[in-house]
Amino acid sequence: MQTSASTMSRYLMPPAPRARGFAHIRPVTFYGPEEVIYAQGERAGLLYRIEYGAVRIYRLLADGRRQVVAFYLTGETFGFEVGGVNSFYAEAMVNTGLTTVEYLPDGTFGVELVEIALKAMVRAQEHLLVVGRQNSLEKVSIFLAEILERQGGGDVIDLPMSRTDIGDYLGLTIETVSRSISKLRDMGVIRLRSARCVVVLKLDKLHQIGEHSV
């Protein structure tokens with residue numbers, strides 16, 4: 001895990017257009033793989049939009065274990081927490097470019113921030129449902145279907161996260177994640193181009209497996 005102070009120099013791009021309800025839109029900033037964007041306990045208040053790359057959000061538990069609570073992909077926004085202090089770590093999984101936007105502290109919430117908060121709430125509820133109610137094959141199936149949808153559909157999933165990341169997100173061991181992916185392959189539901197590239201051959205079947213116990 002690298003800190004922002006230890007990474008290579010930033011690559012800056014022209015600032016993005018101003019967004020309604022926000023201020024201080026900044027240039028795109030580069031983060032390398034495993035680099036911390038913000039840490040648990042640090043001051044909160046910034047929104048980050050992913051221009052390219054991917055980010056994991058996680059918390060370190062008292063016993064040292066890591067609990068991944070969210071993944072954010074290109075085009076998605078994350079980072080604002082009510083209360084002024086970050087409850088989680090945010091870390092780049094691959095080479096990632098972020099635009100940071102500071103919200104005006106005038107006591108109001110713009111439409112953009114409300115939409116972001118609602119999406120985050122719905123995703124958190126869905127995550128709890130998956131972790132708490134489904135077996136390992138169902139968890140992995142619904143996870144792959146979700147990532148496919150968030151990447152725009154089609155039939156190819158490019159996974160920026162490792163199988164360890166997936167396990168920490170779904171509450172599974174890396175071995176269980178690997179066995180579940182292998183089983184989906186053996187069932188003819190998916191094909192593996194590589195460890196990080198999955199071709200979905202039977203999307204309906206993938207949904208059917210994932211929705212079995214919902």
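This note goes through a predicted model of a single chain, point by point.

1. **Overall make-up.** The chain holds five helices and twelve strands. Of its 214 residues, 43% are buried. Take the contacts between residues at least 6 apart in sequence: 67% of them join residues at least 24 apart.

2. **Helix α2 against α3.** Helix α2 spans residues 136–150, and helix α3 spans residues 163–170. Their axes lie 11 Å apart, at an angle of about 110°. An angle from 65 to 115 degrees counts as roughly perpendicular, so α2 and α3 are roughly perpendicular to each other. Their crossing is right-handed. From α2, the contact uses K139, V140, F143 and E146. From α3, it uses I166, Y169 and L170. Sorted by class, this contact has five nonpolar residues, two charged ones and no polar ones.

3. **Burial and the end of α3.** Several residues of α3 are buried: D165, I166, G167, Y169 and L170. I166, Y169 and L170 also belong to the contact with α2. After α3 comes G171. The phi of G171 is positive, near 75°.

4. **Helix α2 against α4.** Here the axes are 9 Å apart and the angle is about 75°. The pair α2 and α4 is therefore roughly perpendicular. On the α2 side, the contact is made by S136, L137, V140, S141 and L144. On the α4 side, T176, S180, I181, K183 and L184 take part. V140 is worth a look on screen, as V140 is listed in the contact with α4 and in the contact with α3.

5. **Helix α2 against α5.** The axes of α2 and α5 are 7 Å apart, and the angle is about 130°. This pair is therefore oblique. The crossing is left-handed. α2 brings L137, E138, S141, I142, L144, A145 and L148 to the contact. α5 brings L203, L206, H207, I209 and G210. By class, there are eight nonpolar, three polar and one charged residues in this contact. L137, S141 and L144 of α2 touch α5, and L137, S141 and L144 are also in the contact with α4.

6. **The buried side of α5.** Which residues of helix α5 are buried? Helix α5 covers residues 203–210, and the buried ones are L206, I209 and G210. They span an arc of only 95° around the axis, so they sit on the same side of α5. What do these buried residues pack against? Their partners are α2, α4 (174–186) and the strand β12 (197–200).

7. **I147, a buried position in α2.** I147 is part of helix α2. The relative accessible area of I147 is 0%, so I147 is buried. Beyond the neighbours within four places in sequence, I147 is in contact with L73, I157, L159 and M161. I157 is ten residues from I147 along the chain, and their C-alpha atoms are 7.0 Å apart.

8. **T74, a loop position.** T74 sits in the loop between β6 (66–73) and β7 (77–78). With a relative accessible area of 48%, T74 is partly exposed. Apart from neighbours within four places in sequence, the contacts of T74 are I50, E51, Y52 and G53. I50 is 24 residues away in sequence, yet the C-alpha atoms of T74 and I50 are 5.0 Å apart.

9. **E34, a positive phi.** Most residues other than glycine have a negative phi. E34 has a positive one, near 70°. E34 lies in the loop between β2 (28–31) and β3 (36–38). At a relative accessible area of 34%, E34 is partly exposed.

10. **R43, an exposed loop residue.** Is R43 buried or exposed? Its relative accessibility is 64%, so R43 counts as exposed. R43 is located in the loop between β3 and β4 (46–52). R43 and S87 are 44 residues apart in sequence, with 9.6 Å between their C-alpha atoms.

Technical notes
Residues numbered from 1 in each chain as written. Predicted model: local features only at pLDDT ≥ 70, side-chain atom pairs only at ≥ 80, totals over all residues. Heavy atoms only, no water. Axes fitted to C-alpha atoms, helices over the stretch in contact; angles between N-to-C directions. Helix = DSSP H or I, 4+ residues; strand = E, 2+ residues; numbered from the N terminus. Parallel < 35°, antiparallel > 145°, perpendicular 65-115°, else oblique. Left-handed = near helix turned anticlockwise from the far one by under 90°. Contact = heavy atoms within 4.5 Å. Nonpolar A, V, L, I, M, F, W, Y, C, P; charged D, E, K, R; others polar. Buried < 20%, exposed > 50% of the residue type's maximum accessible area, 1.4 Å probe, protein only. Arc of directions from axis to C-beta.
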